[in-house]
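Thanks for coming, everyone. Have the sequence and the 3D view open, and follow along as I talk.

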Amino acid sequence: MTAWIDRPPITAAMLNPALIAAILATAADGYRKESDRAMPWPMAFIIVPLVLHRGTRQALPTSVRTHLTTWTSRNPVVRAGFPPRAQGLVEPVREGVRFGLTHGALTLEGDALRGRTRRPKGFQMPDELADILRRASFVGRWLAKIDNTATVFAVLGVTP
């Protein structure tokens with residue numbers, strides 16, 4: 001793990017464990033709302049690269065009815081870039097999960113994550129953060145439609 005002082009400012013801001021924990025808590029909450037189940041923890045490694053990368057986030061479907069395989073076939077460039085992006089985010093995702101568990105944004109239920117989102121009263125969220133969290137909730141709901149986590153990994157070309 002790279003010390004904070006040694007991280008470039010943009011990297012430190014966008015891969016900050018609190019932001020990643022918020023993304024995962026929001027996604028886990030969306031997942032639970034859609035399926036009434038906690039989100040399998042390996043999904044954390046899928047969700048973060050889907051929503052942090054602006055191009056991928058903007059290419060996401062607008063409906064949870066769009067199947068993941070349909071979406072990936074319509075977005076081959078996004079699909080091709082996903083594996084290296086996901087691999088590069090493994091350590092930041094781990095940091096985010098640890099941060100979320102430590103600070104109560106995430107809880108473990110067996111092998112699954114449950115999110116707890118809280119926003120301070122009067123907090124005005126910057127537009128890009130609002131978009132990231134809105135899409136995280138969507139991705140949680142979208143992935144909840146797929147019964148097998150391994151299918152999600154296979155379709156996106158990554159391994160758990």
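**A walk through the model**

Let's begin with Glu-128. Its relative accessibility is 33%, so Glu-128 counts as partly exposed. Keep in mind that this is a predicted model.

Which residue does the side chain of Glu-128 meet in a salt bridge? The partner is Arg-54, at 2.7 Å from N to O. Arg-54 is in helix 4, residues 54–59, and Glu-128 is in helix 8, so the pair ties together parts that are 74 residues apart in sequence. Arg-54 has 43% relative accessibility, so Arg-54 counts as partly exposed too.

Why can such pairs form at all? Side chains of opposite charge can pair when their charged atoms come close.

Now widen the view. Arg-54 and Glu-128 belong to a network of salt bridges. Arg-57, Asp-131 and Arg-134 are linked into that network as well.

How many salt bridges does the structure hold? Eleven. I'll show you two others.

Take Lys-145 and Glu-34. They form a salt bridge, and their closest N and O atoms are 2.8 Å apart. This pair links distant parts of the chain. Lys-145 is in the loop between helix 8 and helix 9, which covers 149–156. Glu-34 is in helix 2, and the two residues are 111 residues apart. Lys-145, at 46% relative accessibility, counts as partly exposed. Glu-34 is also partly exposed, with a relative accessible area of 30%.

Next, Asp-29 and Lys-33. Here the closest N and O atoms of the salt bridge are 3.2 Å apart. Both residues sit in helix 2, residues 17–35. They are four residues apart, about one turn of the helix.

Is Asp-29 buried or exposed? Asp-29 is buried, because its relative accessible area is 14% and buried means under 20%. Lys-33 counts as exposed, because its relative accessibility is 58% and exposed means over 50%.

**Rings**

On to the aromatic side chains. A search of the whole structure finds three aromatic pairs. In one of them, the rings of Trp-41 and Phe-45 have centres 6.1 Å apart. Their planes are at 75 degrees, so this pair is edge-to-face. Trp-41 is partly exposed, with 41% relative accessible area. Phe-45 has 16% relative accessibility, so Phe-45 counts as buried.

Then look at Phe-138 and Trp-142. Their ring centres are 5.8 Å apart and their planes are at 25 degrees, so the pair is stacked. Both residues lie in helix 8, residues 127–143. Again the spacing is four residues, about one turn of the helix. Phe-138 and Trp-142 are both buried.

Which residues do ring pairs link into a cluster? Trp-71, Phe-138 and Trp-142. Arg-135 lies over the face of Phe-138, at 4.7 Å from the ring centre.

Helix 8 has 17 residues. From its first C-alpha to its last, helix 8 reaches 24 Å, close to the 24 Å expected at 1.5 Å a residue. Its buried residues include Ile-132, Leu-133, Arg-135, Ala-136 and Val-139. Trp-142 is buried, with a relative accessible area of 2%. From the C-alpha of Trp-142 to that of Gly-157, the separation is 18 Å. Those two residues are 15 residues apart along the chain.

Now helix 3. How many of the nine residues of helix 3 are buried? Nine of the nine are, so helix 3 is largely enclosed by the rest of the structure. Among them are Ala-44, Phe-45, Ile-46, Pro-49 and Leu-52.

Where does Trp-41 lie? In the loop between strand 1, residues 39–40, and helix 3, residues 44–52.

One last look before we stop. Then find Phe-138: its ring stacks with Trp-142, and Arg-135 lies over its face. Finish at Glu-128, linked in the salt-bridge network with Arg-54.

Terms used: Residues are numbered from 1 along each chain as its sequence is written. This is a predicted model: local features need pLDDT of at least 70, side-chain atom pairs count only at pLDDT 80 or more; totals for chains, interfaces and linings use all residues. Side-chain values use heavy atoms; hydrogens and water are left out. Rings of Phe, Tyr and Trp (its six-membered ring) pair if their centres lie within 6.5 Å; planes under 30 degrees apart count as stacked, over 60 as edge-to-face and the rest as tilted. Buried means under 20% relative accessible area, exposed over 50%, partly exposed in between (1.4 Å probe, protein chains only). A charge sits over a ring if NZ of Lys or CZ of Arg is within 6 Å of the ring centre and within 35 degrees of the ring normal. A salt bridge is a side-chain nitrogen of Lys or Arg within 4 Å of a carboxyl oxygen of Asp or Glu. The expected span of a helix is 1.5 Å times one less than its number of residues.
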